[in-house]
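Dear colleague,

I am passing the structure below on to you, and the notes after it set out what was found. Please read them with the model open beside you.

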Amino acid sequence: MGQSRQTQRYRSVRPDEAPLRQRIRELCAARPRFGYRRIKVLLERQGVEVGAYHFRRLYTEEGMGLRTRRKKKRASQTRIALPAADQPGQHWCMDFMHDQLGDGQRFRTFNVLDTFSRQCLAVEAQRTFRSQDVTAVLDRLIDTHGAPHRITCDNCTEFTANHFDAWAYQRRVFTDFIAPGKPSQNGFIESFNGKLRDECLNANWFSDLEHAQRLLDAWVADYNEVRPHSALDNLPPLSYLARLTSESPDCTLGRAAPRLGKSKSSVEAVR
């Protein structure tokens, strides 16, 4: 046609990405501490199909990348390996966390997690905790979910008190203490604490203790029912338990099999 090639331009045939970018920004605003993998899972639940590399490029171009500080890995010698839980309700782990209210007063949270299903059983907020308060929460959980075979915890005074030792003996629950200064030996609850700190405690301002408990309960419900968990095939814990029940009807959910004989006391566990 005698037309100069310098005047020819390629017209893109890509679909308009503006709606997808807008939806990504909306989900990231609602879930400010979710990474691109969990945001992609939420989009797929809404029927939006997008490739992994394509989605990551859009996620990065929108400036939604998270800034995380990774700790240096350190080699450590493991303890005697205990059998891993093969059913829900067999193994629990628990720990405390600290935070403060809007007026500067500090409070603590008592967190309990089922290691098999990753289900959060309780996050209780109080000014202070005694050993009696800990066993009261655990008694309520046992009435609902059944008694676990063992509970992993650290060596804080609430867990090493004589009252807690007598309670564990009466309930026939083995107390699995980690080595002092080795929180990695209780990795399930430490990972959960990081999520709770990042997505709830650091993201909210608590006017009083009741307000803090309401927000914590709402976050726990979202964690158990909505939040994708990479270790559970991107399912929330309750959905994973429901699928497990449909695939294995004989699986006992929340009711661990009773143990025969008496369990070791916490003193024997430390030894």
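Is Cys 120 buried or exposed? With a relative accessibility of 3%, Cys 120 counts as buried, where buried means under 20% relative accessible area, exposed over 50% and partly exposed in between, with a 1.4 Å probe and protein chains only.

Before the rest, some words on the basis: this is a predicted model, in which local features need pLDDT of at least 70 and side-chain atom pairs count only at pLDDT 80 or more, while totals for chains, interfaces and linings use all residues. Residues are numbered from 1 along each chain as its sequence is written, and side-chain values use heavy atoms, with hydrogens and water left out.

To stay with the cysteines, Cys 28 is likewise counted as buried, at 9% relative accessibility. The cysteine sulfur closest to that of Cys 120 belongs to Cys 93 and lies 9.7 Å away, which is too far for a bond. Across the whole structure the search finds zero disulfides, a disulfide being a pair of cysteine sulfur atoms within 2.5 Å.

As for the overall fold, the protein chain has 10 helices and five strands, taken as DSSP runs numbered from the N terminus (H or I, at least four residues, for helices; E, at least two, for strands). Of its 271 residues, 42% count as buried.

Strands E4 (residues 150-153) and E5 run parallel and are joined by four bridges, where pairing requires that DSSP finds at least two bridges between two strands. Cys 153 has Phe 177 as its bridge partner in E5. From E5 (residues 174-177), Phe 174 and Asp 176 point one way, Thr 175 and Phe 177 point the other way, and all are buried.

The largest nonpolar core has 22 residues, and those touching the most other members are Trp 92, Met 94, Phe 110, Val 112, Leu 138, Leu 141 and Phe 159; such a core is a set of buried Ala, Val, Leu, Ile, Met, Phe, Trp, Tyr and Cys residues joined through side-chain atoms within 4.5 Å. Elements that give two or more residues to this core include strand E1 (91-100), strand E2 (106-114) and helix H4 (131-145), and H4 supplies the largest share, five residues. Another core, of 20 residues, lies apart from it, with Phe 107, Cys 120, Leu 196 and Leu 216 among its members.

With best regards
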